Every structure is written in structure tokens, then in C-alpha cells.
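Open the model in your viewer and keep the selection panel at hand.

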Amino acid sequence: MIQAMINQRINQVSADELYEQAIQFNIPITRNQAARVAGRVRGKNIDLFQPAGQEKLRRIFIEELGPVLAQELDQKFKQLMAKYQ
């Protein structure tokens, strides 16, 4: 049930919510980057608990934020996901 809630949240995220979460976790992104990522994620039914969903999100991060920041985010996601698997 928690996994379903997490997936629903990521698939409905707004740019402002994503930006605020990034600030909370000390992730250096701009509002514009947050808007681009949110726009590409919202409504795509990405399942963060499946390898294909993780890869899709990873590709979005690389394309929108660059490989260095994408790698940092990937590590943070893995840490958070481990808590709910």
C-alpha cells in the first residue's frame, strides 16, 4: 500500500512540490529544472519499485539534470526506496 502511495505521488508531482523536496534534501536544482522533470514524470505511471520504472526516471534525470546530479539523485532514491521494499 505504501508503494502504491509513493508511485501515485511521484506521478502527480508538481514543479513546486519537486523543487521544495529538492531543497529539503539539499539537491541543487533550479525551479526550471524541477518544472521540466515534473512535466516529464507527471501522468506517466512510473513504478519506482520496478527496474523499468527506475530506469525511466534515471533517463529523465540524466537528460534534464545531467549525469553528475542524476547519479546523486539515483543514490538518494535507492536509499529512500530501500526503506519501503
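What follows is a list of selections, with what to find at each.

**Before you start**

This is a predicted model, so local features need pLDDT of at least 70 and side-chain atom pairs count only at pLDDT 80 or more, while totals for chains, interfaces and linings use all residues. Numbering starts from 1 along each chain as its sequence is written, and side-chain values use heavy atoms, with hydrogens and water left out.

**Stop 1: the pocket**

Select I10, Q21, F25, F77 and L80. Of the 22 residues lining the largest pocket, these lie nearest its centre. A pocket here is an open set of points on a 1 Å grid over the protein atoms alone, with protein on both sides within 12 Å along at least five of seven lines; lining residues have an atom within 4 Å of a point. The largest pocket holds about 690 Å³ of space. That volume is the space filled by probe spheres set on the points, which are joined across faces, edges and corners.

Now colour by helix. α1 (2-11), α2 (15-24), α4 and α5 (67-82) each give at least two lining residues. Which helix supplies the largest share of the lining? α5 does, with five residues. Helices are DSSP runs (H or I, at least four residues), numbered from the N terminus. By class, the pocket lining has 18 nonpolar, one polar and three charged residues. Nonpolar covers Ala, Val, Leu, Ile, Met, Phe, Trp, Tyr, Cys and Pro; charged covers Asp, Glu, Lys and Arg; the others, Gly among them, are polar.

**Stop 2: the cavity**

Select I10, V13, L18, V37, V41, L57 and F61. They line the largest cavity. A cavity is a set of points where a 1.4 Å probe fits but cannot get out. The count is one cavity of 30 Å³ or more. The space in the largest cavity is about 30 Å³. Its lining has seven nonpolar, no polar and no charged residues.

**Stop 3: the core**

Select I29, V37, V41, L48, F61 and L65. Within the largest nonpolar core, of 22 residues, these have the most contacts. α2, α3, α4 and α5 each give two or more residues to this core. Such a core joins buried Ala, Val, Leu, Ile, Met, Phe, Trp, Tyr and Cys residues through side-chain atoms within 4.5 Å. Buried means under 20% relative accessible area, exposed over 50%, and partly exposed in between (1.4 Å probe, protein chains only).

Centre on L65. Not counting residues up to four places away in sequence, L65 touches I29, Q33, V37, I60 and L73. A contact means heavy atoms within 4.5 Å.

**Stop 4: one side of α1**

Select N7, I10 and N11. All three are buried residues of α1. They cover an arc of only 95 degrees around the axis, so they sit on the same side of α1. The arc is that of the directions from the helix axis to the C-beta atoms. Show α3 too: it is among what covers these buried residues.

**Stop 5: M81**

M81 lies in helix α5. Is M81 buried or exposed? It is buried, at a relative accessible area of 10%. Beyond four places in sequence, M81 touches L48, F49 and Q54.

**Stop 6: two loops**

Select N26, in the loop between α2 and α3. Its phi is near 60 degrees, a positive value in a residue other than glycine. N26 is exposed, at 65% relative accessible area.

Finish at N45, in the loop between α3 and α4. Phi of N45 is positive too, near 55 degrees. N45 is exposed, at 68%.
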